[in-house]
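Open the model in your viewer and keep the selection panel at hand. The tour goes from the whole chain to single side chains.

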Amino acid sequence: LTIFLVEVGFKVFVYRREFFHHKFEVLDGVVVVVSFVLDVVLIFREHEFEAVGLLILLRLWRVARIINGIILSVKTRSEQQVSKLKQANLKLATRLEQLEHSCVEKEQEIERLNNILKRHGLLSQPK
């Protein structure tokens with residue numbers, strides 16, 4: 001929890017006012033700070049303080065945020081890989097089209113040369 005508190009502090013320091021424009025980041029920061037305060041209060045006044053349920057809820061929120069971050073990271077990487085694969089596919093499709101066109105040209109050239117050979121009697125007729 002202390003590491004999360006330091007992380008929120010760094011985010012506020014780095015992003016300054018922009019940090020407060022991101023509602024989920026602010027909510028996450030509030031969750032971490034409140035969880036930390038509740039943890040400290042529970043250490044000293046365990047019997048007097050009955051907010052254990054709230055503390056558990058706040059920690060579950062933090063776990064959900066971590067999982068969400070992982071999912072977004074995986075999704076972003078997947079989208080980047082799909083984009084790269086689409087670009088590679090497009091290049092390969094273009095290259096295939098070029099090769100098919102070249103193949104047609106080569107077949108036409110072979111046919112033209114065969115016709116020249118036939119006219120000069122140098123090509124034997126298939127049996």
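What pLDDT does the protein average, and what share of the residues score at least 70? This is a predicted model. The average is 84, and 88% of the residues reach at least 70. Color by confidence next. Helix H3 (residues 52-119) has the highest mean, 88. Helix H2 (residues 23-44) has the lowest, 79. Where pLDDT is low, the predicted coordinates should not be read in detail.

**Whole chain**

Switch to cartoon. You will find 3 helices and 0 strands. Along the sequence the pattern reads α-α-α. The protein exposes about 11,000 Å², with 64% of that supplied by carbon and sulfur atoms. Buried residues account for 12% of the 127 residues. Then look at contacts. Of those between residues at least 6 apart in sequence, 51% join residues at least 24 apart.

**Helix H1: the end**

Select residues 2-15, which make up helix H1. Go to Phe-13, Val-14 and Tyr-15. Together they form a nonpolar surface patch with about 350 Å² of accessible area. Center on Val-14, which lies in helix H1. Is Val-14 buried or exposed? Val-14 counts as exposed because its relative accessibility is 57%, and the cut-off for exposed is over 50%.

How many salt bridges does a search of the whole structure find? The search finds 3. Start with Glu-7 and Lys-11. Their side chains meet at 3.4 Å, N to O. Both residues lie in helix H1, 4 residues apart, about one turn of the helix. Glu-7 is partly exposed, at 28% relative accessible area.

Glu-25 belongs to helix H2 and Lys-11 to helix H1, so the pair ties together parts 14 residues apart in sequence. Glu-25 counts as partly exposed, with 23% relative accessibility.

**Helix H3**

Move to Glu-109 and Arg-112. The closest N and O atoms of this salt bridge are 2.6 Å apart. Both residues sit in helix H3, 3 residues apart, about one turn of the helix. Glu-109 is partly exposed at 33% relative accessibility. Arg-112 is partly exposed too, with a relative accessible area of 42%.

Terms used:
Residues numbered from 1 in each chain as written. Predicted model: local features only at pLDDT ≥ 70, side-chain atom pairs only at ≥ 80, totals over all residues. Heavy atoms only, no water. Patch = residues over 30% accessible without salt bridge, like charges linked within 9 Å, V, L, I, M, F, W, Y side chains within 5 Å. Areas by Shrake-Rupley, 256 points an atom, 1.4 Å probe, with all protein chains shown as cover. Salt bridge = Lys/Arg side-chain N within 4 Å of Asp/Glu carboxyl O. Helix = DSSP H or I, 4+ residues; strand = E, 2+ residues; numbered from the N terminus. Buried < 20%, exposed > 50% of the residue type's maximum accessible area, 1.4 Å probe, protein only. pLDDT = per-residue confidence, 0-100. Contact = heavy atoms within 4.5 Å.
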